[in-house]
Amino acid sequence: MKDIKLVAELINSDNEPIKIETKGRYDKINKIIEYVENDLNVKLKITNNKIILNRKNEDYDLNLEFELNKRLECKYKVKTIGLDLELDVYTSELKITDKELYINYELFSENNSIGVFKYKLLFEEW
């Protein structure tokens, strides 16, 4: 794994951006990026046409999958109250390059929209 510096930006359904700059690690062979965002461990697995995102801390474990123009069932586990939720993720935009990831997606719970989100990750070797 190589050290990388990265800029991650999440724009939530209220159009409020959350931006962080941090260091992370990149396994180029297995196409895995890992970094820590505040108290969250973030792990991204990248394939040619799909991204699997895991955001985890002591309170929750969120697993989302993104594939262009597909609606995929994902899991959200709230550890503090023992709640397991199923979420659907519809990905309307997906860009994967050697230095950037961009995802525009909508989350659904029980067929009701939770909101539209944008996630952008820029990274380069340290």
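The structure is a closed barrel of 10 strands, in the order β1-β2-β3-β4-β5-β6-β7-β8-β9-β10, with antiparallel pairing. From one strand to the next, the twist averages 25 degrees; axes are lines fitted to C-alpha atoms, for helices over the stretch in contact, and angles run from 0 to 180 degrees between N-to-C directions. Strands are DSSP runs (E, at least two residues), numbered from the N terminus, and two strands pair if DSSP finds at least two bridges between them. In general, strands of a sheet pair through backbone hydrogen bonds, either parallel or antiparallel.

This is a predicted model, in which local features need pLDDT of at least 70 and side-chain atom pairs count only at pLDDT 80 or more, while totals for chains, interfaces and linings use all residues. Residues are numbered from 1 along each chain as its sequence is written, and side-chain values use heavy atoms, with hydrogens and water left out.

One may begin with strand β7 (residues 71-78), which pairs with strand β8 (residues 83-96) in the antiparallel sense over 8 bridges. Within this pairing, K75 has E86 in β8 as its bridge partner. The hairpin of β7 and β8 has 4 residues between the strands, and G82 takes a positive phi near 65 degrees there.

Strand β8 is also joined by 8 bridges to strand β9 (residues 100-109), and these two strands run antiparallel. The hairpin that joins β8 to β9 passes through 3 residues. Across this pairing, Y90 stands opposite E106 in β9, and E93 stands opposite N104 in β9.

The side chains may be considered next. F66 is placed in strand β6 (residues 60-67). Is F66 buried or exposed? F66 is buried, because its relative accessible area is 0%, and buried means under 20% (exposed is over 50%, partly exposed in between, with a 1.4 Å probe and protein chains only). Leaving aside residues up to four places away in sequence, F66 touches several residues, including L72, V89, I103 and Y105; contact means heavy atoms within 4.5 Å. Although F66 and Y105 are 39 residues apart along the chain, their C-alpha atoms are separated by 7.9 Å.

F66, Y105 and F117 form one aromatic cluster, and a search of the whole structure finds 4 aromatic pairs. Rings of Phe, Tyr and Trp (its six-membered ring) pair if their centres lie within 6.5 Å; planes under 30 degrees apart count as stacked, over 60 as edge-to-face and the rest as tilted. Finally, R71 lies over the face of F108, at 4.0 Å from the ring centre. A charge sits over a ring if NZ of Lys or CZ of Arg is within 6 Å of the ring centre and within 35 degrees of the ring normal.
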